[in-house]
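This report describes a ligand shell, a strand with its pairing partners, and a helix.

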Amino acid sequence: PASDPQLVERARRAKEALGDRLFVLGHHYQRDEVIQFADVTGDSFKLAQQAAARPQAEYIVFCGVHFMAESADILTTGSQKVVLPDLAAGCSMADMATFDQVEEAWEALEDAGLAGSVVPVTYMNSSADIKAFCGRNGGVVCTSSNARRALTWAFEQGKKVLFLPDQHLGRNTAVLEMGLSLDDCVVWNPHRPNGGLTTEQLERARMILWRGHCSVHGRFTAESVDDVRERIPGVNVLVHPECRHEVVLKADHVGSTEHIIKTLREAPAGSAWAIGTELNLVKRLAQMFPDKSVSFLDRTVCYCSTMNRIDLPHLVWALESLALGDVVNQITVDEDTAHWARVALDRMLALA
Ligand code: 13P
Ligand code: SF4
């Protein structure tokens, strides 16, 4: 449905009143009614880079999810305030690795005699304390657009990787982009003693994948790909690397949200595409590229419910509050956590 014109006008006025004091970042999975107010849109990597791009802006309103806003707070100057319009906009995948669970796993790896031979690599989709854990322990952050570079950096040290928290991104990158075999990968189950693994399995593994996943991308199956190929002959299947391994194996292309947009932009007119990622983005792609046929990979609707929590009423409330000098829903990371998380984030930015 079209955005409420009164709310659109209120958001526009509040933005105008704040002028250069405000910088609005929007992830590609945000609703159209919200993304229209973003000064910059991007994937997680681009938004992390952009967070620091306006040091003069007093307020950064982050239209995305909690871990992205935390990263923005870590990467901006101390006087800038990061606001998440709805505090309930979390990420179920990020919640699948808690700090205590990761510390427990690390201790178990040490007990298995692997201290010093494992590099922790965390996907951006993780809490600030997991990023800080990686910073403290010689590790790095990665996103879906640079996971290969981060893994290359880790393997060049001659070490194994503990990959947090998305097993699919870790497996897809290691196996499909770096030539590891599925047998080189084991899955650490945080709910089982010793991750459910034997010391021999850990010694043999090159990738220890945390047992986390994205529930949105987990909805796509190998059958979704077979089905769309039957329905749309000649279709190009393009998926996000958070999809299961068997889905990515059957797809024609894989990449981050920014990569998905670029691929569609460069695709020839008249070509047909089935996209395996969040639905707000897929619908936007169909509008952006009317000369191409863009379909959703699955027949079922697949929004990210937490990304969708940032809606126009929440954005208007946040902007109007800021215009009145009331900083609502500020996201702050404590100094020590921010310091070490920044070490891991800076390592990632330096790899770019
Ligand atoms: P991108 O970095 O590709 O935008 O992905 C972020 C995300 O949360 C995907 O689910
Ligand atoms: Fe998290 Fe998945 Fe939503 Fe991305 S799409 S924010 S990984 S739940």
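Two strands pair if DSSP finds at least two bridges between them; strands (E, at least two residues) and helices (H or I, at least four residues) are DSSP runs, numbered from the N terminus. The model is predicted: local features need pLDDT of at least 70, side-chain atom pairs count only at pLDDT 80 or more, and totals for chains, interfaces and linings use all residues. Residues are numbered from 1 along each chain as its sequence is written, while chains are lettered from A and ligands numbered from 1 in the order in which they are written.

A residue is buried if 20 or more other C-beta atoms, placed from the backbone, lie within 10 Å of its own. Six of the six residues of β1 are buried, so the strand is largely enclosed by the rest of the structure. L22, V24 and G26 cover one face, and F23, L25 and H27 the other.

Helix α4 (residues 66-75) is mostly covered, with 10 of its 10 residues buried. Its buried residues pack against β1 and β3, and also against α3 (44-51), β4 (81-83), α6 (128-136) and α15 (335-351), where contact means C-beta atoms within 7 Å.

Ligand 1 is surrounded by residues including H28, D43, C214 and E242, where near means a C-beta atom within 6 Å. By class, its shell has two nonpolar, seven polar and two charged residues; Ala, Val, Leu, Ile, Met, Phe, Trp, Tyr, Cys and Pro count as nonpolar, Asp, Glu, Lys and Arg as charged, and the others as polar.

Notes: Buried ≥ 20, exposed ≤ 12 C-beta atoms within 10 Å, placed from the backbone. Contact = placed C-beta atoms within 7 Å.
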